[in-house]
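Welcome! Here is a short tour for anyone meeting this structure for the first time. Take a look at the sequence and the model, and then read on.

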2 protein chains.
Amino acid sequence: MRQLIVDLGERSYPIYIGEGLLEQAAQLFGKHAIPVKSPIMIVTDESIAPLYLGKLQSVLEGAGYTVHSFSVPSGETSKSLEMYERVMTAAIQAGLDRHSSIIALGGGVTGDLAGFVAATYMRGIRFIQCPTTILAHDSSVGGKVAVNHKLAKNMIGAFHQPEMVIYDTLTLKTLPMREVRSGLSEVIKHGLIWDRGFVDWCREHAEQLLHLDSEALAYALYEGCKVKSYVVSQDERESGLRAILNLGHTIGHALEAVAGYNELVHGEAIAIGMVGSALLSQRFGYESEIHRITKQLFERFGLPVQIPAHMETDAILEAMMHDKKFKEGQMVFVIPVHIGKVEIRSDVKVEWVREVIEQLKGKERA
Amino acid sequence: MRQLIVDLGERSYPIYIGEGLLEQAAQLFGKHAIPVKSPIMIVTDESIAPLYLGKLQSVLEGAGYTVHSFSVPSGETSKSLEMYERVMTAAIQAGLDRHSSIIALGGGVTGDLAGFVAATYMRGIRFIQCPTTILAHDSSVGGKVAVNHKLAKNMIGAFHQPEMVIYDTLTLKTLPMREVRSGLSEVIKHGLIWDRGFVDWCREHAEQLLHLDSEALAYALYEGCKVKSYVVSQDERESGLRAILNLGHTIGHALEAVAGYNELVHGEAIAIGMVGSALLSQRFGYESEIHRITKQLFERFGLPVQIPAHMETDAILEAMMHDKKFKEGQMVFVIPVHIGKVEIRSDVKVEWVREVIEQLKGKERA
């Protein structure tokens with residue numbers, strides 16, 4: 001078992017990563033002095049529940065816990081105020097008290113929803129994350145929890161750090177291949193912004209990672225969490241440095257907004273976005289090698305590196321302007337300086353972005 | 001203008017108390033570097049809006065702020081998830097960003113609702129309180145914000161400290177007399193738990209307070225906030241000491257739950273509760289003087305000191321058992337040791353409570 005401490009002073013917490021960790025949940029709960037007297041509640045989704053809920057529940061019940069559970073429909077639509085109220089109602093009916101814990105068993109949506117319930121139930125109770133996707137390594141660090149408002153995503157939320165994260169790599173074996181690639185895209189991003197050595201390691205271990213080799217996965221998740229953890233511990237409330245985590249996300253979010261249903265998943269959109277940022281970096285005079293390495297890396301992982309040709313450049317630009325990351329009308333981009341280091345630039349010209357989108361659509365070669 | 005700092009480390013904030021302070025809101029906003037570039041939103045209620053919203057809005061607009069407002073119906077029913085969502089929608093439509101502020105102009109309900117919106121809009125933005133009731137001096141210290149769930153009061157909330165509190169004593173002049181007395185009951189409570197000198201001062205200045213003399217009110221609010229502020233700064237997350245603030249509340253909440261509509265307001269219920277706690281203190285061998293002084297004090301302020309005879313003793317006891325302040329089935333009470341000092345007792349016998357309720361109903365003399 002690997003262990004990483006997210007260092008946030010009195011809100012510090014460990015991430016445990018390893019094969020079969022759900023089986024050891026009771027010991028970890030004991031180690032963290034989660035009281036047996038107060039009922040606990042597992043929040044999960046309908047595709048994860050049949051696979052792992054029974055196991056986790058019985059392990060915890062075996063240790064004397066009174067375990068309730070609530071299962072939400074799979075997918076982003078569950079990150080709603082309506083579902084939030086339903087989980088709250090279930091928590092009250094289950095008799096959760098100030099000493100209770102809410103456990104998120106699932107991916108990012110489940111973690112965000114359950115985390116926001118934990119952040120606000122009786123003004124905040126313990127929150128424990130059991131991620132079942134690779135992508136969720138990202139949301140398991142940083143304490144950002146939220147639901148969507150009809151008018152805007154992640155608009156309603158809080159910062160609420162978990163008590164611990166239990167990352168059982170066995171649960172990743174059932175992920176669809178497309179989700180595996182998408183999750184690895186976010187892992188690689190953490191290398192690109194901070195650690196060239198880890199980028200090299202990812203390239204060399206692409207086969208093992210795509211085949212879900214437990215050792216390789218555990219290492220990659222550990223390193224990905226480590227980078228994010230370091231950045232977050234420097235900037236818990238997102239006032240500066242933390243913005244570097246958005247590498248590829250300005251273009252990526254716009255692509256997600258414009259793409260048709262299921263055309264691009266998150267990791268795919270940000271892979272294209274990171275290739276775009278590498279192209280933008282050339283306008284600042286940085287090495288063209290950045291673009292070449294970034295593009296080859298994502299190709300190696302079977303991730304897209306081009307914008308689907310039918311997407312309208314104007315629509316993508318328009319979507320970017322509406323992104324809440326836009327600071328008072330300025331185009332703010334995370335730009336790679338070299339592989340493993342980035343900077344925040346607010347002097348990116350709109351024409352450059354337009355040209356880069358065209359390049360990414362394959363209309364001009366980089 | 002009086003100024004009190006609520007000392008919570010990096011979350012410390014000032015409470016400004018004085019006559020006509022709403023007129024000076026722009027200067028105070030400037031002093032706190034509230035940015036003019038980001039829109040702000042005043043949340044108020046339908047009885048306060050016609051009295052003070054226009055003034056506050058024009059003062060702030062005069063200083064260059066873009067001011068939006070949202071008015072909710074008066075009364076506890078506005079502390080709902082439904083109203084929370086409506087205020088959120090208004091905030092999004094008004095274009096509030098991470099640098100925006102939400103201003104609560106009103107009593108405790110408005111403060112709790114607007115504060116919870118501020119705590120969770122984009123994971124937390126600035127919150128400024130402008131209380132317009134005496135009772136709200138209590139909720140203006142401590143950062144507890146919440147809405148009600150259909151199944152339980154204050155179940156959904158957060159700790160979110162304001163940027164500042166602007167307490168204009170002029171706004172208290174329009175309070176109905178019953179609300180004045182009710183608010184003063186909480187003020188006196190702060191004396192009873194912490195400061196005998198302040199209790200004596202209240203008794204000597206009952207006339208001035210009841211006549212809303214600005215100087216006397218400002219002093220009483222200052223002292224009340226000071227006691228609460230000291231207690232909260234010792235125990236921000238409510239893990240121990242803060243419980244002493246519940247003097248009179250165990251019986252008081254039960255009376256509110258059992259009373260018919262408008263039969264007892266909060267300050268009246270806790271006044272009776274505090275007299276009850278004084279009676280309970282005799283069971284622990286404390287001076288009967290505590291009961292005499294407490295009772296006379298509330299009588300002087302025209303507050304009730306007896307339980308209406310028609311209320312069923314069993315119903316009151318039952319309501320107490322359901323109070324979330326009950327720690328795992330134990331009767332926990334704040335008991336006066338002498339005037340100005342209390343202790344938490346978990347060894348209060350149910351029979352004693354029953355007897356005290358009977359005494360409060362006037363069936364036996366104390």
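A salt bridge here is a side-chain nitrogen of Lys or Arg within 4 Å of a carboxyl oxygen of Asp or Glu. One such pair joins the two chains: the side chains of A:Glu85 and B:Lys150 meet in a salt bridge, at 3.2 Å from N to O. Please keep in mind that this is a predicted model.

**Where chain A meets chain B**

- The contact draws on 31 residues from chain A and 32 residues from chain B.
- About 2,900 Å² is buried between chain A and chain B, and carbon and sulfur atoms give 57% of that area.
- A:Ile92, A:Arg123 and A:Met155 together supply 26% of the area that chain A buries against chain B, more than any other three residues.
- Across this interface the rule finds 2 salt bridges, and 10 residue pairs are in polar contact between chain A and chain B.
- On the side of chain A that touches chain B, α3 (81-93), α4 (108-120), β7 (144-149) and β8 (152-159) each supply at least two residues.
- The largest share of that side of chain A comes from α3(A), with 7 residues.

**The annotated binding site in chain A**

- Under "binding site", an unreviewed UniProt entry lists A:Glu186, A:His249 and A:His266.
- These residues are spread over 81 residues of sequence, yet they cluster in space, with a largest C-alpha distance of 10.3 Å.
- A:Glu186 sits in helix α6 (residues 177-194) of chain A, and A:Glu186 is buried because its relative accessible area is 1%, against a cut-off of under 20%.
- Leaving out residues up to four places away in sequence, A:Glu186 touches A:Leu135, A:His137, A:Asp138, A:His249, A:His266 and A:Ile270.
- A:His249 belongs to helix α10 (residues 249-258) of chain A and, at 7% relative accessibility, counts as buried.
- Beyond its neighbours within four places in sequence, A:His249 is in contact with A:Glu186, A:Lys189, A:His266 and A:Ile270.

**A buried helix in chain B**

- Helix α4 (residues 108-120) of chain B has 13 residues, which at 1.5 Å a residue should span 18 Å; the end C-alpha atoms are 18 Å apart, so the two agree.
- Of the 13 residues of α4(B), 12 are buried, so this helix is largely enclosed by the rest of the structure.
- The buried residues of α4(B) include B:Leu113, B:Phe116 and B:Val117.
- Just after α4(B), B:Met122 takes a positive phi of about 50°.

**Salt bridges within the chains**

- Over all chains, the structure holds 34 salt bridges.
- B:Lys228 pairs with B:Asp138 in a salt bridge, and their closest N and O atoms are 3.3 Å apart.
- This pair links distant parts of the chain, since B:Lys228 is in helix α9 (residues 214-234) of chain B and B:Asp138 is in helix α5 (residues 136-139) of chain B, 90 residues apart.
- Both B:Lys228 and B:Asp138 are buried.
- B:Glu223 forms a salt bridge with B:Lys226, with the closest N and O atoms 3.5 Å apart.
- Because B:Glu223 and B:Lys226 are 3 residues apart in helix α9 of chain B, about one helical turn separates them.
- B:Glu223 is buried, with a relative accessible area of 5%, whereas B:Lys226 is partly exposed, with a relative accessible area of 35%.

Notes:
Residues are numbered from 1 along each chain as its sequence is written. Chains are lettered from A and ligands numbered from 1 in the order in which they are written. This is a predicted model: local features need pLDDT of at least 70, side-chain atom pairs count only at pLDDT 80 or more; totals for chains, interfaces and linings use all residues. Side-chain values use heavy atoms; hydrogens and water are left out. UniProt positions are given in the numbering used here, feature names are shortened, and annotations may be inferred rather than shown by experiment. Helices (H or I, at least four residues) and strands (E, at least two) are DSSP runs, numbered from the N terminus. Buried means under 20% relative accessible area, exposed over 50%, partly exposed in between (1.4 Å probe, protein chains only). Contact means heavy atoms within 4.5 Å. The expected span of a helix is 1.5 Å times one less than its number of residues. Buried area is the accessible area (1.4 Å probe) that two parts lose on being put together, summed over both. A polar contact is a pair of N or O atoms within 3.5 Å; within protein, one must be able to donate a hydrogen and the other to accept it, and residues adjacent in sequence count only if both atoms are side-chain atoms.
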